[in-house]
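Work through the following two exercises with the structure in view, and try each task before reading its solution.

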Amino acid sequence: MPVNALYRDDFYLSTAEAVVTAIHEDGGIELDQTCFYATSGGQPGDTGFLERADGSKIMLGQTRHGPIKDIVIHVPLEGEAQPILGEKLVLHIDWARRYRLMRMHTACHLLSVVCPYPITGAAVGEDESRVDFDMSETIDKDEVTARMMALVNENHPVYVQWITDEELAANPGIVKSKNVRPPVGLGRVSLVCIGENSAVDSQPCGGTHVSETQEVGAIHIAKIEKKGKENRRFRIRFGTPTDDA
Ligand SMILES: [Zn+2]
């Protein structure tokens, strides 16, 4: 059943109320609406718990999409109680984890501004993220860190603009990813913009991001690995370079 994906319009929504609309054979739970982000576009799905009327908790190990993007399946950890159809629940995402993912995800966008090469892959993580670029140049990681931190400290606004699938198709140049498909299929695509009037960047992305770059905090490029002649893998970590020492 299509879900009202509240996280698409409010990245900071950590709790919400919902009604159970389906329960899968494997225990997966569908709800009428949700603030749980489902794994996609290189960002892992949310964890957290569903609170029942009696105060007991159903702990969730992951959140993923069904066969279409409008289906979100909340997957309980093994051995958790099963809710019943029509049951009202209060949703609680693991906000500390999600906020780290939002900071990291935004940092990946800043890296793509500093390194304007085609992206061949990306994975956002709580402690470390990686972005792969189609590039053959050698680039100094400390210089990349300094330029990313300049963008963080300039505190640019980060916001979403919705465009239609047709508008995206008419402007293929705004897509930076070579292998990661933009989040089409909803009829509308979210364009993540950084800076007033997208002065810093804009690109299609369905993930969750912080609302101003300063929230990213201290980050640095821990490593740049050579993956083939024309592929470079950048690893972003929280903290300053000396935190790795
Ligand atoms: Zn993004």
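**Exercise 1.** Find the protein donors of the zinc ion and determine the geometry of the site.

*Solution.* Begin with the donors, that is, N, O and S atoms within 2.8 Å of the metal (3.2 Å for Na, K and Ca), with water not among the atoms, so sites may look incomplete. The zinc ion has His 105 (NE2), His 109 (NE2), Cys 205 (SG) and His 209 (NE2) as its protein donors, at 2.0 to 2.1 Å. Next, consider the angles among these four donor atoms, which run from 98 to 126°; four donors count as tetrahedral if all angles lie between 85 and 135 degrees, and the site is therefore tetrahedral. Finally, look along the chain, where the donors follow the spacing H-x3-H-x95-C-x3-H. His 105 lies in helix H1 (residues 95–114), whereas Cys 205, 100 residues apart from it, lies in the loop between strand S13 (201–204) and strand S14 (219–226); helices (H or I, at least four residues) and strands (E, at least two) are DSSP runs, numbered from the N terminus.

The model is predicted, with local features needing pLDDT of at least 70 and side-chain atom pairs pLDDT 80 or more, while totals for chains, interfaces and linings use all residues. Residues are numbered from 1 along each chain as its sequence is written, and side-chain values use heavy atoms, leaving out hydrogens and water.

**Exercise 2.** Locate the two domains and state how far apart their centres are.

*Solution.* The domain assignment, which is automatic or from a database, gives domain 1 (4–93) and domain 2 (98–244). Taken over C-alpha atoms, their centres are separated by 27 Å.

How values were computed
Four donors count as tetrahedral if all angles lie between 85 and 135 degrees; four count as square planar and six as octahedral if opposite donors are over 155 degrees apart and all others between 65 and 115; anything else is irregular.
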